[in-house]
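Please read the following briefing alongside the sequence and the coordinates shown below.

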Amino acid sequence: PADAFSVNATTLAVGAYGVVWTVWNGASSMFGVNNTTVDTFTTNNMTTGGIMIGANGAGTGNWSNIGVKEVIDFAGAHDAATRTQVVAYLMGAHGIA
């Protein structure tokens, strides 16, 4: 779709696990890996009509060879402190250094 959003993240080494997170919050939207914000973006009038992991939003490219251990979806954006706690929990639960 024209309003599909995708991010090409190269911060995780091949064969490594990490906590990948996204916050959809208008002009304050961001994408990160573990406790590092990788990119910030504006969603403008986009809505999240679904999630696709491992390809672009249209399912037509940006294919990845990934393993997924857990997906969590929250109804709202967390503040930085809560986001840090959630990421730390997931890193610990899945043995990510």
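The notes that follow begin with the basis of the model and then turn to its parts.

This is a predicted model, in which local features need pLDDT of at least 70 and side-chain atom pairs count only at pLDDT 80 or more, while totals for chains, interfaces and linings use all residues. Residues are numbered from 1 along each chain as its sequence is written, and side-chain values use heavy atoms, with hydrogens and water left out. The protein chain has one helix and three strands, and along the sequence these follow the pattern β-β-β-α; helices (H or I, at least four residues) and strands (E, at least two) are DSSP runs numbered from the N terminus.

**Confidence and overall figures**

- The protein chain averages a pLDDT of 79, and 82% of the residues score at least 70, where pLDDT is the predictor's confidence in each residue, from 0 to 100.
- Among the elements of the protein chain, α1 has the highest mean pLDDT (92) and β3 the lowest (80).
- Where pLDDT is low, the predicted coordinates should not be read in detail.
- Of the 97 residues of the protein chain, 20% count as buried, a term that means under 20% relative accessible area, with exposed over 50% and partly exposed in between (1.4 Å probe, protein chains only).
- Among contacts (heavy atoms within 4.5 Å) in the protein chain between residues at least 6 apart in sequence, 38% join residues at least 24 apart.

**The sheet**

- Three strands form an open sheet in the order β1-β2-β3 with antiparallel pairing, where two strands pair if DSSP finds at least two bridges between them.
- Because β1 (20–23) and β3 (36–41) stand at the edges, each with a single partner strand, one side of each is left without a neighbour in the sheet.
- β1 and strand β2 (residues 29–33) pair in the antiparallel sense over four bridges, and Trp-21 stands opposite Gly-32 in β2.
- β1 and β2 form a hairpin with five residues between them, and in its turn Gly-26 has a positive phi of about 60°.

**The nonpolar core**

- The largest nonpolar core has eight residues, namely Val-19, Trp-21, Val-23, Met-30, Val-87, Leu-90, Met-91 and Ile-96; such a core is a set of buried Ala, Val, Leu, Ile, Met, Phe, Trp, Tyr and Cys residues joined through side-chain atoms within 4.5 Å.
- The elements that give two or more residues to this core are β1 and α1 (80–93), and the largest share, three residues, comes from α1.
- Val-87, leaving aside its neighbours within four places in sequence, is in contact with Val-19, Trp-21, Asn-34 and Asn-35.

- Asn-34 is found in the loop between β2 and β3 and is buried, with a relative accessible area of 17%.
- Leaving aside neighbours within four places in sequence, Asn-34 is in contact with Gly-18, Val-19, Trp-21, Val-87, Met-91 and Ile-96.
- Ser-29 is found in strand β2 and is buried, with a relative accessible area of 0%.
- Not counting residues up to four places away in sequence, Ser-29 touches Val-23, Trp-24, Thr-40, Phe-41 and Thr-43.
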